[in-house]
Amino acid sequence: MKLVNKFNPLQPEWKKNIQSLQMSKTSPPFQNSIVFVYQFKTKGNINENILFPSIPNGCIDLLFHLDGIQSQCLLVPSPKKRTFLPFSAYSTYFGIRLFPLQKLFPFQLSLKEINSEKAFSLFEVAPYLRPLYELLLQKHTFIEQMQLLECYLKHPRNSQLYSTIVASCINKIIFHHGHLHVKDLEQFTGYSERYLRLLFQKELGIPPKTFLQLVNFQYIINDIVKGDFHIEKHLNENLYYDSSHFYKTFKKFTNMTPGEYRKILVDEV
């Protein structure tokens, strides 16, 4: 069961601050770790910052500043709720969006530590990426940068190690669009809810219940972006007691209702 076929984590509000965007999938061997690779140029004036509204998506973004400012190369984890991230205005970034439990890029901090902050200087948590960055600066097109990345990935470093228990749970959660209860995972794995909570906290930095809600939230975001959101589709006794509980959970991630969030996206078009 491949994550790439079941989960499409988005940051739909980023588009409001982008004047150009290119995106591509990697070749199949890397698609269980990488959602997609992208390049964008921000709006605004040189030497200023521009704020990007960001929502929880369960992923990590590696961002390389292609105008040569190393301090603007960032590792951006999934926020706990909608927040605003500063990017350099009128700048070009090369980005890699990583799935949960990706195995290609090891970090010097645990995911629990990473998920506790808004963003990190990329080379503080992954200093081995400096040579890749220097090579990216020498490439002039997105296609050339993609080819360089693919070549780089063929020589992997020590991969992140995760338990098969958590990996299996994540695949099951994504397959069911998050419409599960933690007790379903308990029955699925044969391990207690307490033990699963300890494993998720250790390996993802969040409890399984939060990850269930986050995955379901991203499926809702996909429906909103497509203009196909219907609350009945997402109400499920495993996750939500009733519609009030559903709206409360959505607002926990965005500070607004699905209708209010959709209006933001429509107003930006």
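Before the structure, one term: a residue is called buried under 20% relative accessible area, exposed over 50%, and partly exposed in between, with a 1.4 Å probe and protein chains only as cover.

This is a predicted model, where local features need pLDDT of at least 70 and side-chain atom pairs count only at pLDDT 80 or more, while totals for chains, interfaces and linings use all residues. Residues are numbered from 1 along each chain as its sequence is written, and side-chain values use heavy atoms, with hydrogens and water left out.

I start with Tyr-191. Tyr-191 sits in the loop between α6 (182–189) and α7 (193–203); helices here are DSSP runs of H or I with at least four residues, strands are runs of E with at least two, and both are numbered from the N terminus. Tyr-191 counts as partly exposed because its relative accessibility is 37%.

Next, helix α7 itself. The axes of α7 and α5 (residues 164–175) come within 10 Å and cross at roughly 95°. The axes are lines fitted to C-alpha atoms over the stretch in contact, and the angle, on a scale from 0 to 180 degrees, is taken between N-to-C directions. The two helices are therefore roughly perpendicular to each other, a label that covers 65 to 115 degrees. On the α5 side the contact (heavy atoms within 4.5 Å) includes Ile-165 and Val-166, and on the α7 side Tyr-195 and Leu-196.

Now the charged pairs. Side chains of opposite charge can pair when their charged atoms come close. A salt bridge means a side-chain nitrogen of Lys or Arg within 4 Å of a carboxyl oxygen of Asp or Glu. How many salt bridges does the structure hold? There are 5.

One of them joins Arg-97 to Asp-61, with the closest N and O atoms 3.0 Å apart. Arg-97 is in strand β7 and Asp-61 in strand β4 (residues 60–65), so this pair ties together parts that are 36 residues apart in sequence. Both residues are buried.

Lys-183 and Glu-193 also form a salt bridge, at 3.8 Å from N to O. Lys-183 belongs to helix α6 and Glu-193 to helix α7, 10 residues apart.

Last, helix α8 (residues 208–226) contains both Lys-226 and Asp-223, 3 residues apart, about one turn of the helix. Their salt bridge has its closest N and O atoms 3.8 Å apart.

Technical notes. Angles under 35 degrees count as roughly parallel, over 145 as roughly antiparallel, 65 to 115 as roughly perpendicular and the rest as oblique.
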